[in-house]
Amino acid sequence: MSTETKGPSRRQFLTSAAALGAGTVAATATQAAGPDPLITELQDWATGLGAGVDEVPYGLPIRFEDDVVRRNVEWLTADTISSINFTPIHALDGTITPQGCAFERHHSGAIELAKSDYRLMINGLVDRPLVFSYEDLERFPREQHVYFCECAANTGMEWAGAQLNGAQFTHGMIHNMEYTGVPLRTLLAEAGLDAAGDFADKWVYVEGADASSNGRSIPMEKAMDDVLVAFKANGEALRKEHGYPVRLVVPGWEGNMWVKWLRRIEVMDGPVESREETSKYTDTLADGTSRKWTWVMDAKSVITSPSPQAPIAHGHGPLVITGMAWSGHGKITRVDVSKDGGITWETARLAAPGTDKALTRFYLDTTWTGEEMLLQSRAMDETGYVQPTKAQLREVRGLNSIYHNNCIQTWHVKANGEAENVEVS
């Protein structure tokens, strides 16, 4: 029998390494001046019975998290009917956005439309114009995909300089949810497309049931690719504000095309060139002309913590810098973080490999000793695209734009841990 002493196993080594990595955190956590009454004394919550299982039939956040809510900017629009509010991205982690936190954008207010009253018409250059009820849609083979939805105006107010002091307000016109629905191509095939002929010059016009009749033109190539007619989000019915009972999902493309309360899909010879694709949702250049058909949301990222609404409150020592990145062109492959306004960069850790047209969470585990920082993040996607600086965007588009601002964002973190929005372009 061998008496050779075996070295530590790989499992033991990894466990030890993890413990060493957390040692600095443990050191700060054990420096107590004396007994902690929250540990040594019996607390109220341990002396009686809690709420029963039917206390709240539909689960809600605990009251201690009542600050994690959508917010609007009062001066941004004349009223809240045709307006927008913002996802509290600074207070979230992971990638999936709870429906109750996902931003709202309405053109004439959120309507109440019962499933029993819902109808979806497909007409135009089809072999058989059809009308589907909600129950009809449920009978088709369905799919689930996680996608981000970003308003084209997200970060739009930052074109002229640092404007709003909070990640929620600069980048919160975005959500990332798992959608369930029927591929649009399935419904178009049901109606028949022989009458449409060559798809190369064909479009579909999609329209909502609300009073604004919000409508957008979509090239047939995209319509036949990954567009989804969705009736669930994160496993449950859509919320009223997100288009209940049925909305369109147009992965990677600007949120205005994700028509809510979807009522009509018309196959056409060309685009309608509606208000939402001419005077709005086009990119005005320095000479006054505007680019149109800029549907895709380019690669973008933002650090959500530390940030103005999520300052460093724990003092010096270990610090987790985190944020999210996304690209309408596909998967995020890398995110770099700078602490000095873009002079030097460190590659962040992705929480999981990037997925197609969905948010990716990134982390940079570091140590903070009270130094001031100019925090930035820079995303790269699978096409090789690198998120630009604001100066690089301005070189191409000037200062007249609103939409499609995917510039690198800067937070100035002060010695006291507070942060503010600044421009380092």
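**Close-up views of a two-domain chain**

**Figure 1. Salt bridges and polar contacts link domain 1 with domain 2.** Between domain 1 and domain 2 there are 4 salt bridges. The model shown here and in the other figures is predicted. Glu150 and Lys300 form a salt bridge, in which the closest N and O atoms are 2.9 Å apart. Polar contact between domain 1 and domain 2 involves 20 residue pairs, counted with both residues at pLDDT 80 or more. On the side of domain 1 that touches domain 2, at least two residues come from each of the strands β6 (143–150), β7 (174–183) and β14 (283–284). With 4 residues, β6 gives the most to this side of domain 1. By residue class, the side of domain 1 that touches domain 2 holds 14 nonpolar, 11 polar and 9 charged residues.

**Figure 2. Domain 1 and domain 2 bury area between them.** Domain 1 comprises residues 71–161 and 174–290, whereas domain 2 runs over residues 300–422. Taken over C-alpha atoms, the centres of domain 1 and domain 2 are separated by 28 Å. Domain 1 brings 34 residues to the contact, and domain 2 brings 33 residues. How much area do domain 1 and domain 2 bury between them? The value is about 2900 Å², with 54% of it on carbon and sulfur atoms. Which three residues supply more than any other three of the area that domain 1 buries against domain 2? They are His90, Phe148 and Trp159, which supply 28% of that area.

Figure 3. The chain over residues 291–410 is 7% helix and 39% strand, with 27 Å between the end C-alpha atoms.

**Figure 4. A cis peptide bond joins Tyr244 and Pro245.** The omega angle of the bond between Tyr244 and Pro245 is about 5°. Pro245 sits in the loop between β11 (236–237) and β12 (247–249).

**Figure 5. A cis peptide bond leads from Ser305 to Pro306.** For the bond from Ser305 to Pro306, omega is near 0°. The loop that holds Pro306 lies between β16 (300–305) and β17 (317–326).

**Figure 6. Asn234 has a positive phi.** The phi angle of Asn234 is about 55°, although this residue is not a glycine. Where is Asn234 placed? Asn234 is in the loop between β10 (228–233) and β11.

Definitions and conventions. Residues are numbered from 1 along each chain as its sequence is written. This is a predicted model: local features need pLDDT of at least 70, side-chain atom pairs count only at pLDDT 80 or more; totals for chains, interfaces and linings use all residues. Side-chain values use heavy atoms; hydrogens and water are left out. Domain bounds come from an automatic or database domain assignment. Contact means heavy atoms within 4.5 Å. Buried area is the accessible area (1.4 Å probe) that two parts lose on being put together, summed over both. A salt bridge is a side-chain nitrogen of Lys or Arg within 4 Å of a carboxyl oxygen of Asp or Glu. A polar contact is a pair of N or O atoms within 3.5 Å; within protein, one must be able to donate a hydrogen and the other to accept it, and residues adjacent in sequence count only if both atoms are side-chain atoms. Ala, Val, Leu, Ile, Met, Phe, Trp, Tyr, Cys and Pro count as nonpolar, Asp, Glu, Lys and Arg as charged, and the others, Gly among them, as polar.
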